[in-house]
Amino acid sequence: MSIASSIEHIIPRCYLSLKPPASLPRALPLLRAHRRLFFRPLSSPVAASVDSTATKDNARPPSTDDDTSVSVASERSLVDVNPPRGTRDFPPEDMRLRNWLFNNFREVSRLLSFEEVDFPVLESEALFIRKGGEEITQQLYNFEDKGGRRVVLRPEITPSLARLVIKQGKSVSLPLKWFTIGQCWRYERMTRGRRREHYQWNMDIIGLSKVRAEAELIHAIVLLFGRLGITYSDVGIRISSRKVLQAVLQLHSIPEHLFAEVCVIVDKMGKVSRDVIENELMTAGVSIEAVKGIIEVLSLKSLSKLEEVLGSEDEAVTDLKSLFLLAEHYGYIQWINFDASVVRGLAYYTGIVFEAFDREGKLRAICGGGRYDRLFSTFGSDDIPACGFGFGDAVIVELLKEKGLLPDLNRQVDDIVFLLDEELEGPALKIVSSLRQTGRSVDLIQDKRLKWVFKHAERINAERLILVGNSEWQRGLVRVKILATRDEFEVKMDELTAPS
């Protein structure tokens, strides 16, 4: 077939017969359309499948330009490669950091003799819907599943833990010392160190009513900071008690049913202006005199001043004094300070509450927790004394960056086995298998240039390069290069299990 007849086969004769210049403007869009239909680049089956299933929602709007509108159907658009807003990918370098942090969480938990547990990320919505007016209930990722059940991606972990304790019943003996590292989801405004998903280290003590439980938990937090290189000049831990606010409300005859709502409001102290706090309290039904009294007491930073207001026999005062005494015995008294404004936002807290903060004030709370002795009854069970804390992964990483304390976590591999001759693939695989069975990490490489292999070895911090080639193998040997020293020698296969 001639070139002319080929063109005529692809482009109808009527278009070729159009003569410039008068007819050329009309012919160009049609010629371009045929060019796209018959000469467009080959696309992958996946792209073709995506294109064929496109919907009106993700299609581009029609253009007024004829050329563009004709090309819309044939163009392939790349899927959005970014994760959903507020979430993260973990490529290898980020995964190494995450694993390092989680290993520190686990090691501290081991030091305090805690056992690890886990729960599903998907939970019943009823587990997290409470009547305290908490902000968290407005941030749920909740929906109805295909079976008509209301479910939620858990925003926190404590209710899941309580559910499991109730489920276990009398099969477990108290006290329980449990920890977990799990992912939580909240649809909230994002700021530095705050995302819509995060991982959280929780430690909880179930069945111990004495303040010694809180002292143990704070000790765990301090140990973790020490392992990460953080000192008490970098971070402090504010401590108070929900019983302080209870005592103040009783002094001003404020109804008990307002307690949870007041807690949520005053938890904003230091985050919004005093005027906002006062207005919200009055809107909730608190008198002007009571509002002034609440703010006056919650502004106290001295335990002795609190004792003057509430009296030495007040339960909040005695609990706090006991905790500070235990902190002296543990040796972390310099890390903690009393701050009556700390109440924590969750409705279920009943006693001591605490949160860690960076002393420069650049970040949100690093972690927080407290006592929740009446949580279990909200799920229809008998109450059990309990306390715990949640420690997220996002803020602590920001702090470590700020302080220059992030570790150097480069990839590390023990051995690279490089196959020089294809016919030796079998022996090379035997070497790889033997080394891996002894616990050494091995990267098998073939079909690459030696120069590339050396660069790759440097990137992954390999310890040894093992060359499997004909000249050595015929003598029952392989060539080994120690990459740190550049020493090179030949050894038998059974001598490879440990570096020389």
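**View A. Lys448 sits in the loop between β13 (442-445) and α17 (450-459).** Helices (H or I, at least four residues) and strands (E, at least two) are DSSP runs, numbered from the N terminus. Together with Lys451, Lys455 and Arg459, Lys448 makes a positive surface patch. Patch members have over 30% relative accessible area and no salt bridge, with like charges joined within 9 Å and nonpolar side chains (Val, Leu, Ile, Met, Phe, Trp, Tyr) within 5 Å. Lys and Arg count as positive, Asp and Glu as negative, and His and the chain ends are skipped.

This is a predicted model, where local features need pLDDT of at least 70, side-chain atom pairs need 80 or more, and totals for chains, interfaces and linings use all residues. Residues are numbered from 1 along each chain as its sequence is written, and side-chain values use heavy atoms, leaving out hydrogens and water.

**View B. Glu422, Glu423, Glu425 and Asp447 gather in a negative surface patch.** Glu423 belongs to the loop between β12 (415-419) and α16 (425-437). Its relative accessible area is 55%, so Glu423 is exposed.

**View C. Leu78, Val79 and Val81 make a nonpolar surface patch.** Their accessible area together is about 360 Å², from the Shrake-Rupley method with a 1.4 Å probe, where for residues only the protein chains shown count as cover. Val79, in the loop between α5 (66-71) and α6 (92-111), is exposed at 64% relative accessibility.

**View D. Lys403 forms a salt bridge with Asp234, closest N and O atoms 3.6 Å apart.** Lys403 is in the loop between α15 (393-402) and β12 and Asp234 in the loop between α8 (212-228) and β7 (235-241), so the pair ties together parts 169 residues apart in sequence. A salt bridge here is a side-chain nitrogen of Lys or Arg within 4 Å of a carboxyl oxygen of Asp or Glu. Lys403 is partly exposed at 27%, while Asp234 is buried at 14%. Glu360 also forms a salt bridge with Lys403, at 3.3 Å between the closest N and O atoms.

**View E. Arg440 and Asp415 meet in a salt bridge at 2.7 Å, N to O.** Arg440 lies in the loop between α16 and β13 and Asp415 in strand β12, so parts 25 residues apart in sequence are tied together. Both residues, Arg440 and Asp415, are buried.

Note on methods. Charge placed at Lys NZ, Arg CZ, Asp CG, Glu CD. Buried < 20%, exposed > 50% of the residue type's maximum accessible area, 1.4 Å probe, protein only.
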